[in-house]
Amino acid sequence: MRRSLIGRTWPNVIAVVLALFFLFPVYWMVSTAFKPDRDIISRTPVFLPLDGTLDHFDRAVHADQFWTMVGNSFTVTVCAVLASLAIATLASFAIARMKFRGRKAFVLIVMAAQMAPWEVMTISIYMITRDSGMLNSLVPLTIFYMMMVLPFTIWTLRGFIAAVPKELEESAMVDGCTRTQAFVRVVFPLLAPGLMSTSLFGFITAWNEYPLVLILNKQTGEGTAQTLPLWLTSFQSTFGNDWGATMAASTLFAVPVLIVFLFLQRKAVGGMTAGAVKG
Amino acid sequence: MAVHSERVQTRSPKEAKTAGAATEPAAATADGTPKNARPAGGASLLSRSTPYLLILPATLATAALLGWPLVKTGLISFQNLNRRQLIQHLTEWNGFDNYTAQLSSSEFWHTAGRSVAFTLLNVFLIMAGGTLVGLLLNRLGKGMRLFLSFGLIMAWAMPIVASTTVYTWLFDQQYGVVNWFLDKLGWHGMADYNWFGSQLSTFFVIVLLIVWGSIPFVAFNMYAGLTTIPAELYEAARMDGAGAFKIFTAVVFPSLRPFFLATTFLEVIWVFKCFTQVYAMNFGGPQRLTETLPVYAFVEGFGNQHYGTGAAIAVLTIVMLGALMAYYFRIILKQEDEL
């Protein structure tokens, strides 16, 4: 297909402009975090911080209770994702491979739960948590985060299980495996990319959660049960116009997710079963 | 295909029984399916209850952790629950008072109208932008596509709380890079513009943030959908003399119609209930003028400590979302039948 020079150029020009539009806020966050204060508080922005400094990161890391909150965020997120993976693997196998009465109703509930209005359920969750004396604790957070990512996890894993050819499982069963063995030995290893990408999205959801922790864990200071999103938003209000430190805090908060995302994005999109069954 | 093989499987134990009765052991071994090897009665009872055992944990969790809070929201919305009642653990039922108060207040209707307009604007921009970016991805060369994908993934993966913070910095009154840029472009009035001082400008920043963060999802889905359209379709359309716009309306859109419907409704639901971006940007300000329904429920409930009122607003929001979701499910269920 022949196109004129302009016809070939404009998509690339637009692509560059768009890529810059999407990248710029991320770049600006990271670069501000490394800039010395005089470059941040400056009427002409400095686009390339050549005289970088780590001062802001130092200030961010030494903020009150930072490491406690890092620990809290990781504990809550990892436990929630693992628990939901375990529960979801069972359920998604049932709806992907079995026919039973009520299957459709269950699928519908899962799909509806995926869009659950958690944002407006904070009041009742607060009451429930308070009445069970669990405010300022990591337990309710973990449990509710698990539930927030569960429907999505079931739904995604269902797709991945359905994508593993049935013939693989059947041939394992012909070779003498029980259905459980066939699942554990044949289907489960093939699910690895699916499990990874699913847990990645679960991780991001739980890592990001803000409204619930905002009202459940208000207690600050020693042994706080707050997580990093609260640290970040309060950072802004406590440090005011210290944009360098705020951006350093944002960077610290965002970088794990960005790296995990970039790394797993590739692995998740792979046809591991391609060629396993010759047609 | 799938339906056929499942039917065959469920029927096989019965066949095994009849085969056994006819005393033809050779046929059963030659058939070789493991179902036949197992004792028929016990296995079928077990395998009949297996799916229910598998979905049991998920069902229990959903009922306790999602169902109960939903019911509880409903219960609280019929209560007079303010600061005093909260501290003293009092339960004062007040019937539909919270609802009648909300439904007859202009503040509620203003907020609801604002939420609808906010959602429509966002979804329109997200869908239009996402579609165009997806089409562009499909047309680019490999290197350029990777570069743009990298940008999209970064925006997509950026944690919402972090990106909200970054946007407040980008739009900072004194040292924000946006004001500097507008000033350089010749719009000198913007040099010290306070974006968070008025309703419309605050909304502008929030909408930009949401659209920026949501386009990648739509664009990648669009691109994935586009790669499934066979090249012959484009060629045929081009041979018939169709231009780019005509190809989109006659080839791309009909092929990806389910995608468009499903994604649009998903985005409507997501934007309608979105909280963090709106709240963390400016806490619903200035003067509570950028509160959407979820933020309104939150501020009424926790900010003003009218928990019953907040719950009533939450229920009204959930009802609206429910209506949207019912419509979405009708679309999805049509597709599900094809699976």
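**View 1. Phe253(B) is found in helix 13 (residues 244–255) of chain B.** Helices (H or I, at least four residues) and strands (E, at least two) are DSSP runs, numbered from the N terminus. The structure is a predicted model, in which local features need pLDDT of at least 70, side-chain atom pairs count only at pLDDT 80 or more, and totals for chains, interfaces and linings use all residues. Residues are numbered from 1 along each chain as its sequence is written, while chains are lettered from A and ligands numbered from 1 in the order in which they are written. Phe253(B) counts as partly exposed because it has 13 C-beta neighbours inside 10 Å. A residue is buried if 20 or more other C-beta atoms lie within 10 Å of its own, exposed if 12 or fewer, and partly exposed in between, with C-beta atoms placed from the backbone. The C-alpha atom of Phe253(B) is separated by 9.8 Å from that of Leu226(B), 27 residues apart along the chain.

**View 2. The contact between the chains takes 73 residues from chain A and 68 residues from chain B.** Two residues are in contact if their C-beta atoms, placed from the backbone, lie within 7 Å. On the side of chain A, helix 1 (residues 5–34) of chain A gives the largest share, 13 residues. This side of chain A has 58 nonpolar, 12 polar and three charged residues. Here Ala, Val, Leu, Ile, Met, Phe, Trp, Tyr, Cys and Pro count as nonpolar, Asp, Glu, Lys and Arg as charged, and the others, Gly among them, as polar.

**View 3. The largest nonpolar core has 145 residues.** Such a core is a set of buried Ala, Val, Leu, Ile, Met, Phe, Trp, Tyr and Cys residues joined through C-beta atoms within 7 Å. Among the residues that touch the most other members are Ala91(A), Tyr145(A) and Ala314(B). Helix 7 (residues 138–163) of chain A gives the most to this core, with 14 residues. Not counting residues up to four places away in sequence, Ala91(A) touches Ile154(A), Leu54(B), Ile55(B) and Ala58(B).

**View 4. In chain B, pLDDT stays under 50 over residues 1–41.** The pLDDT is the predictor's confidence in each residue, from 0 to 100. For residues 1–41 of chain B, the model has 23 contacts beyond four places in sequence. Among the elements of chain B, helix 1 (residues 2–21) of chain B has the lowest mean pLDDT (36), and helix 7 (residues 106–139) of chain B has the highest (94).
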